[in-house]
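Reader: Hi! Could you walk me through this one?
Author: Happy to, here it comes.

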Amino acid sequence: MAEPQAEPSADLAIEVRGLNLWYGTFQALFEVDLDIEAGNVTALIGPSGCGKSTLLRSCNRIVERLGYVSTTGTIRVLGHDIHAGTASPIQVRRHVGMVFQRPNPLPLSIRDNVLFAQRLHAAHGPSRADQDAAVEQALREVLLWDRVKDRLHHRATGLSLEEQQKLCIARLLPTKPAVLLMDEPCSALDPAATAAVEDLIWSLRGRYSILIVTHNMAQARRASDQCVFMLMGRVVEHSATEQMFVAPQRQETADYIEGRFG
Amino acid sequence: MTAVRTVPTDGFATTSRERRALTVQHAARLLFLLVALLLLAPVLCILAVLVVEGAPGLSLDFFLTKPRDNGAAGGIATALVGTIWLTMGALVLALPLGVAAAIYLSEYARDNWLTRTIQVAIVNLAGVPSIVHALFGVGAFVYFLGFGKSILAASCTLAVMTLPVVIVSTREALQAVPKAFREACWNMGATRWQTIWHIVLPNSGGGILTGLILVVSRAVGETAPIMFTGAVFLRALYPSSVFDKTMALSLHLFNVSTQVTNVPRHVPFAVALTLIMVVLAMNAIAITFRMRLRGRKKW
């Protein structure tokens with residue numbers, strides 16, 4: 001598939017400027033400006049209801065599904081305005097993948113899960129060999145291949161939660177996304193599975209730009225390059241992770257990461 | 001510093017007040033059980049009478065020969081075949097319309113005045129008496145659309161009557177598919193229709209099938225909607241097209257029990273038994289599907 005791959009001119013995976021967002025009459029985001037560096041893992045932290053998930057869901061335009069959402073401001077992904085007149089939400093979602101809090105593999109086989117998005121977008125079905133290659137590559141990338149290669153035709157919903165979550169990441173990869181959005185990807189997992197998925201996320205760093213919402217301060221601290229702290233729909237502080245945890249610039253940030261509220 | 005709380009000296013022994021409460025509770029349980037059992041009575045009585053009185057009249061011949069002497073002799077072959085025509089016709093019409101409406105309501109509709117109006121219309125459609133459906137069928141299908149008194153007009157009438165059942169059961173089946181699957185699809189760039197086609201419909205097939213069977217069991221037994229629109233008391237020929245009139249089991253039962261004088265006692269019972277067996281069999285299949293569907297919620 002030859003595609004007009006955006007030349008990553010900027011070092012920015014996501015560039016948010018003056019983003020306001022309303023659910024009906026309730027304003028959830030206020031004048032958000034944010035630069036997410038390409039190839040890094042950026043953690044979005046903040047108390048419940050601060051707008052982290054809303055911001056995340058704005059980046060692949062899935063918030064629009066709700067129907068009563070209105071926004072102003074711009075979001076550019078790798079230099080391209082996702083709200084431009086020529087931009088289709090379907091193409092945006094293809095290049096900006098989303099992973100959810102609860103693993104949500106589709107009630108299909110493991111193989112069909114991995115190929116689902118690719119089949120949606122391909123005009124003609126790719127050849128069987130190409131599909132096999134895509135499945136193997138995606139599953140290898142998420143460190144799942146050796147564990148499931150002998151049962152690719154089993155239902156994905158029978159996998160363990162950890163495997164399901166890895167599969168949910170794997171199924172995004174065949175359509176060659178640039179950015180992966182993750183909404184608390186480990187919060188439904190036990191500690192061992194959390195560690196495994198964190199390792200995976202860290203291994204994807206570099207090839208993909210990853211924006212991850214988390215409530216887990218320890219996770220933000222050990223598994224991100226950059227950290228963004230949000231409060232009441234605004235970005236309060238954005239800095240390198242070690243700097244935020246060692247020397248936060250703002251009092252609210254210090255209070256939150258030390259567990260004084262939230 | 002206050003003392004640590006203890007329990008009373010006699011431990012956790014029951015009080016007389018509690019014993020009274022328990023007695024009332026047992027009495028209440030018994031009362032409600034009796035009332036519930038009472039509900040079984042009519043069903044069992046109907047079945048018992050039909051089996052005792054009707055079973056001797058059932059035979060392969062009864063199903064395979066046409067009625068003679070206005071139904072007093074012979075079998076029920078033409079009525080049985082007619083009922084199959086009418087029911088299949090209703091199914092073919094109601095299923096696509098009902099499933100399409102359910103998909104719209106479940107997957108596309110937003111909560112606005114139009115959606116609420118459609119919901120109210122469905123509830124009201126379900127509550128319309130069947131004789132009113134019959135008269136609507138006469139006006140709309142027999143005369144206005146010019147189908148004449150025919151299987152087509154009768155099937156259309158039955159379809160309109162059973163639409164709410166199809167819509168409600170299909171919508172329930174669609175809504176039983178977890179939202180997380182839809183989110184997964186949408187976030188991979190699937191359109192609503194791709195999501196419905198690849199994920200929602202394949203996982204709600206059982207529920208849709210249940211609705212379909214309920215339509216059959218309802219349509220098989222209805223009399224009023226067909227007697228003005230396509231069913232006749234007596235017809236010697238099997239139907240050959242949807243524009244023919246036809247006999248039907250339900251109307252035949254009405255006929256042999258009230259309109260014809262010299263009918264042997266077992267004939268109406270045998271017809272009724274046939275009718276109720278078809279309906280019960282259909283309901284049993286529907287219930288089995290529904291139970292299997294519930295048991296299979298291992299997403």
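Reader: Let's start with A:Thr25. Where is A:Thr25 found?
Author: A:Thr25 sits in the loop between strand S1 (12-23) and strand S2 (26-37) of chain A. Helices (H or I, at least four residues) and strands (E, at least two) are DSSP runs, numbered from the N terminus. Keep in mind that this is a predicted model: local features need pLDDT of at least 70, side-chain atom pairs count only at pLDDT 80 or more, and totals for chains, interfaces and linings use all residues. Residues are numbered from 1 along each chain as its sequence is written, chains are lettered from A and ligands numbered from 1 in the order in which they are written, and side-chain values use heavy atoms, with hydrogens and water left out.

Reader: Is A:Thr25 buried or exposed?
Author: A:Thr25 is exposed, with a relative accessible area of 80%. Buried means under 20% relative accessible area, exposed over 50%, and partly exposed in between (1.4 Å probe, protein chains only).

Reader: And how far apart are A:Thr25 and A:Val69?
Author: In sequence they are 44 residues apart, and in space 8.9 Å, C-alpha to C-alpha.

Reader: Where is A:Glu31, and what is its phi?
Author: A:Glu31 belongs to strand S2 of chain A. Its phi is near 45°, a positive value in a residue other than glycine.

Reader: What about B:Asp69?
Author: B:Asp69 has a phi near 50°, also a positive value in a residue other than glycine. B:Asp69 lies in the loop between strand S1 (67-68) and strand S2 (73-74) of chain B, and at 54% relative accessibility it counts as exposed.

Reader: On to helix H4 of chain A. What should its span be?
Author: H4(A) has 14 residues (128-141), so at 1.5 Å a residue it should span 20 Å, and its end C-alpha atoms are 20 Å apart, which agrees. The expected span is 1.5 Å times one less than the number of residues.

Reader: Which residues of H4(A) are buried?
Author: They are A:Gln131, A:Ala134, A:Val135, A:Ala138, A:Leu139 and A:Glu141. These cover an arc of only 160° around the axis, so they are on the same side of H4(A). That arc is taken from the directions from the helix axis to the C-beta atoms.

Reader: What covers them?
Author: The cover includes helix H3 (110-121), helix H5 (145-148), helix H6 (161-170) and helix H7 (191-204) of chain A. Contact here means heavy atoms within 4.5 Å.

Reader: Changing topic, how many disulfides are there?
Author: Zero, over all chains. A disulfide is counted as a pair of cysteine sulfur atoms within 2.5 Å.

Reader: Last one: which element gives the most to the lining of the second largest pocket?
Author: H7(B) does, with five residues.
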